[in-house]
Amino acid sequence: MIRVLVADDQALVRGSFRLLVDTAPDLVAVGEAGTGAEAVELARTESPDVVLMDVRMPEMDGIEATRRICGPAGVPGAHVLMLTTFDLDEYVYAALRAGAGGFLLKDTPPADLLAAIRVIASGEALLAPTVTRRLIAEFCRRPEPARPAAHGLDGITGRERDVLELIARGLSNTEIADHLTLSLATVKTHVGRLLGKLAARDRAQLVIVAYETGLVTAARPPRRGPPAPSP
């Protein structure tokens with residue numbers, strides 16, 4: 001069972017999401033939080049696999065709550081799926097920075113939301129269709145004030161660079177395998193090594209690394225052919 005925590009400042013919205021989650025045979029709601037602070041506290045006590053996190057909440061907003069849940073001193077194994085009625089660039093950027101694995105609007109169809117929960121629980125990254133790769137490219141290349149230097153790519157192989165580039169383009173493991181003529185198992189191995197070498201908790205953070213280091217830009221198409229030389 002995938003354990004889900006619902007965090008939203010509106011009781012009716014929380015209740016609706018909880019009922020929806022409990023209709024799925026493989027999902028179970030383990031709690032509701034009305035503030036960001038409550039979300040952090042419940043995440044620590046209930047150890048959910050996925051937190052459905054609203055952006056705008058009292059006491060502590062969803063971005064800060066996500067940062068505390070997904071940070072080094074956060075909740076191991078917890079993934080955050082941000083939900084909001086506001087399709088604003090800054091929210092997407094801040095949510096990914098904070099460690100969120102996905103970002104959807106609240107008008108997402110119920111079946112799509114349940115599918116998104118499963119995707120996030122598996123460690124995949126997921127963004128709403130309205131969030132374009134150009135937006136991610138633009139904002140992820142902007143360093144935060146007083147932020148340490150972006151991750152370098154020293155230590156990863158040429159093939160791992162190829163895989164990282166395609167992850168940043170939004171390709172699934174199956175699509176990457178087809179694009180690079182690799183087995184699915186080999187792609188999964190490369191993804192796992194990238195997560196370890198780049199100290200990333202999920203694919204969303206790999207996307208950020210790819211753009212911050214300049215490996216991928218909005219205008220550059222994914223490259224086919226043999227891998228780049230290993231450093």
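Of the 231 residues in the protein chain, 49% are buried (under 20% relative accessible area with a 1.4 Å probe, counting protein chains only). The model is predicted, so local features need pLDDT of at least 70 and side-chain atom pairs count only at pLDDT 80 or more, while totals for chains, interfaces and linings use all residues. Numbering starts from 1 along each chain as its sequence is written, and side-chain values use heavy atoms, with hydrogens and water left out.

Take contacts (heavy atoms within 4.5 Å) between residues at least 6 apart in sequence: 69% of them join residues at least 24 apart.

Met 82 sits in strand β4, residues 79-84. Its relative accessibility is 0%, so Met 82 counts as buried. Leaving aside residues up to four places away in sequence, Met 82 touches a set of residues including Met 53, Val 55, Ile 63, Ala 95 and Leu 104.

The axes (lines fitted to C-alpha atoms over the stretch in contact, with angles from 0 to 180 degrees between N-to-C directions) of α7, residues 158-168, and α9, residues 184-197, come within 10 Å and cross at roughly 90°. The two helices are therefore roughly perpendicular (65 to 115 degrees). On the α7 side, the contact is made by Arg 159, Glu 160, Val 163, Leu 164 and Ile 167, and on the α9 side by His 190, Val 191, Arg 193, Leu 194 and Lys 197.

Note on methods:
Buried means under 20% relative accessible area, exposed over 50%, partly exposed in between (1.4 Å probe, protein chains only). Helices (H or I, at least four residues) and strands (E, at least two) are DSSP runs, numbered from the N terminus. Angles under 35 degrees count as roughly parallel, over 145 as roughly antiparallel, 65 to 115 as roughly perpendicular and the rest as oblique.
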